[in-house]
Amino acid sequence: MRFWTTLAAHTERRAGRAVDRSVFLGELDVADTRTAAGVHQVGRRSYAVEAELIGFDGIPALTETLEEMRAQPLRWLGMVTRDGRIAAFVAWQRLAGEDGIDIDRVCVDPQWFRRGLARKLLGHLLAQLAPDEKALVSTGADNRPAICLYERLGFTRVGTVQPAPGLLLAEFRLVRGH
């Protein structure tokens with residue numbers, strides 16, 4: 001437990017920003033084993049709910065190992081509780097050869113659903129870390145909560161793809177500035 005308290009204190013110092021009295025927003029370092037394990041667990045719990053919503057249990061993140069997750073070329077932004085547990089995170093990377101970002105993962109631990117954490121994380125990412133840049137994101141085509149969130153944030157649905165049999169993904173784009 002000491003580590004989790006240390007993580008919350010580190011996140012608070014680094015981000016300098018308490019979102020409310022119970023969570024702090026800051027960048028996560030998945031090179032740290034305990035941080036990575038917390039991110040991995042939250043991702044699995046979150047994607048299990050999405051799998052139910054969309055009727056497809058083959059979401060790659062559900063079978064991804066901790067090592068595979070850590071090997072992804074992503075940056076991580078998270079919400080950490082006062083006692084150091086990860087409540088939510090978003091992971092992204094720069095688009096190759098373009099101005100903009102590809103939002104790879106948006107996950108909230110189910111016990112933290114409906115508290116606005118995904119909206120706050122994405123809002124911070126888009127306003128502070130990638131202002132005036134385009135952003136891409138996708139979700140299961142039947143994931144109504146995620147689709148509503150992206151639309152409320154100004155994303156426009158640009159298509160639907162089927163990357164695997166039985167899996168339809170809704171693709172969204174946010175274009176700002178320029």
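The buried residues of α6 (144–152) are covered by elements including β4, α5, β5, β6 (156–164) and β7. Contact here means heavy atoms within 4.5 Å. Helices (H or I, at least four residues) and strands (E, at least two) are DSSP runs, numbered from the N terminus. The model is predicted: local features need pLDDT of at least 70, side-chain atom pairs count only at pLDDT 80 or more, and totals for chains, interfaces and linings use all residues. Residues are numbered from 1 along each chain as its sequence is written, and side-chain values use heavy atoms, without hydrogens and water.

Ala146, Ile147, Leu149 and Tyr150 are the buried residues of α6; buried means under 20% relative accessible area, with a 1.4 Å probe and protein chains only. Seen down the axis of α6, they fall within an arc of 160 degrees, so they line one face of the helix. The arc is that of the directions from the helix axis to the C-beta atoms. Just after α6, Gly154 takes a positive phi of about 100 degrees.

The largest nonpolar core has 31 residues. Such a core is a set of buried Ala, Val, Leu, Ile, Met, Phe, Trp, Tyr and Cys residues joined through side-chain atoms within 4.5 Å. Ile103, Tyr150 and Phe155 have the most contacts inside this core. α5 (117–129) gives the most to the core, with six residues. A second, separate core of 23 residues includes Phe56, Trp76, Phe89 and Leu167.

Leaving aside neighbours within four places in sequence, Tyr150 is in contact with Val106, Leu122, Val137, Thr139, Phe155 and Phe172.

Key:
Buried < 20%, exposed > 50% of the residue type's maximum accessible area, 1.4 Å probe, protein only.
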